[in-house]
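Student: I have a structure open and would like to talk it through. Can we start with whatever you pick?

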Amino acid sequence: MKVGVLALQGAFREHRWMLERCGVEAVEIRKPQELDDVAGLIIPGGESTTIGKLMIEWGLMDKIKERAANGLAIYGTCAGMILLAKDIIGSDQPRLGLMDTVVRRNAFGRQRESFEADLNVPEFGGKPVRAVFIRAPYIESVGPAVQVLATVNDKIVIARQGKFLATAFHPELTDDDRIHQYFIKMIQE
Ligand SMILES: NC(=O)CC[C@H](N)C(=O)O
């Protein structure tokens with residue numbers, strides 16, 4: 001199984017390493033045709049406005065939407081979560097808009113540019129997930145098709161809608177590969 005990592009900007013290398021560690025082949029995606037033979041796609045953290053602009057310039061926006069409509073599984077971390085959202089509060093920036101979510105950017109406030117938290121994720125069982133938040137968004141509200149998997153102070157930080165998964169934080173920066181394993185299982189379902 002091949003999984004793509006959108007490699008336009010941001011923390012894509014770490015996702016590649018994490019996927020390889022989980023035993024799947026990871027490929028960096030920069031051109032639309034590179035999406036043809038992947039079973040899943042990760043959209044990394046970075047700057048969502050930049051990634052969105054580059055996605056349009058490089059012909060990837062429409063191609064990803066087309067593949068998503070045909071069952072491509074997509075996992076967005078941080079900026080990737082913003083790009084998956086239907087609604088971005090106060091912004092008309094380019095987005096995929098595939099998840100019925102309303103996100104707020106840089107939502108944890110200036111004084112908390114970055115922080116770590118232990119998340120209780122019932123879906124994973126076992127020990128809490130150590131989550132690294134960097135100028136992180138959160139999901140303010142979700143539609144009925146969206147399953148909330150974890151919150152921090154009542155703010156939604158992991159959500160799933162069918163084949164789409166979003167986290168507000170960066171699991172690729174920790175040693176815990178359970179979120180990537182979960183995504184790989186989603187692809188196989
Ligand atoms: N770590 C990140 O991906 C930060 C996201 C960034 N603040 C944005 O709005 O796009």
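**Around the ligand and the active site**

Tutor: Arg135 counts as partly exposed, because 16 other C-beta atoms lie within 10 Å of its own. A residue is buried if 20 or more other C-beta atoms lie within 10 Å of its own, exposed if 12 or fewer, and partly exposed in between, with C-beta atoms placed from the backbone.

Student: What should I know about the model and its numbering?

Tutor: Residues are numbered from 1 along each chain as its sequence is written. The model is predicted, so local features need pLDDT of at least 70, side-chain atom pairs count only at pLDDT 80 or more, and totals for chains, interfaces and linings use all residues.

Student: Where is Arg135 found?

Tutor: Arg135 is in the loop between strand E8 (129-134) and strand E9 (138-142). Helices (H or I, at least four residues) and strands (E, at least two) are DSSP runs, numbered from the N terminus. The phi of Arg135 is near 40°, a positive value in a residue other than glycine.

Student: Which residues surround the ligand?

Tutor: Among them are Gly45, Glu47, Cys78, Arg105, Ile134 and Arg135. A residue is near a molecule if its C-beta atom, placed from the backbone, lies within 6 Å of it. The shell divides into four nonpolar, four polar and three charged residues. Here Ala, Val, Leu, Ile, Met, Phe, Trp, Tyr, Cys and Pro count as nonpolar, Asp, Glu, Lys and Arg as charged, and the others, Gly among them, as polar.

Student: Where does UniProt place the "active site"?

Tutor: The unreviewed UniProt entry places it at Cys78, His170 and Glu172. These residues are spread over 95 residues of sequence, but they cluster in space, with a largest C-alpha distance of 11.2 Å. UniProt positions are in the numbering used here, feature names are shortened, and annotations may be inferred rather than shown by experiment.

Student: Is Cys78 buried or exposed?

Tutor: Cys78 is buried, because 27 other C-beta atoms lie within 10 Å. Its place is in the loop between strand E4 (73-77) and helix H4 (79-84).

Student: What about His170: buried or exposed?

Tutor: His170 is buried too, with 22 other C-beta atoms within 10 Å. His170 sits in the loop between strand E12 (164-167) and helix H5 (178-188). Leaving out residues up to four places away in sequence, His170 touches Cys78, Gly45 and Ile134, among others. Two residues are in contact if their C-beta atoms, placed from the backbone, lie within 7 Å.

Student: New topic. Which residues of helix H2 are buried?

Tutor: In H2 (residues 48-57) they are Ser48, Ile51, Gly52 and Met55. They are on the same side of H2, because they cover an arc of only 100° around the axis. That arc is taken from the directions from the helix axis to the C-beta atoms.

Student: What do they pack against?

Tutor: The buried residues of H2 pack against helix H3 (60-69) and H4.

Student: How many residues has the largest nonpolar core?

Tutor: That core has 57 residues, and Leu6 and Met81 are among those with the most contacts inside it. H4 gives the most to this core, with five residues. A nonpolar core is a set of buried Ala, Val, Leu, Ile, Met, Phe, Trp, Tyr and Cys residues joined through C-beta atoms within 7 Å.
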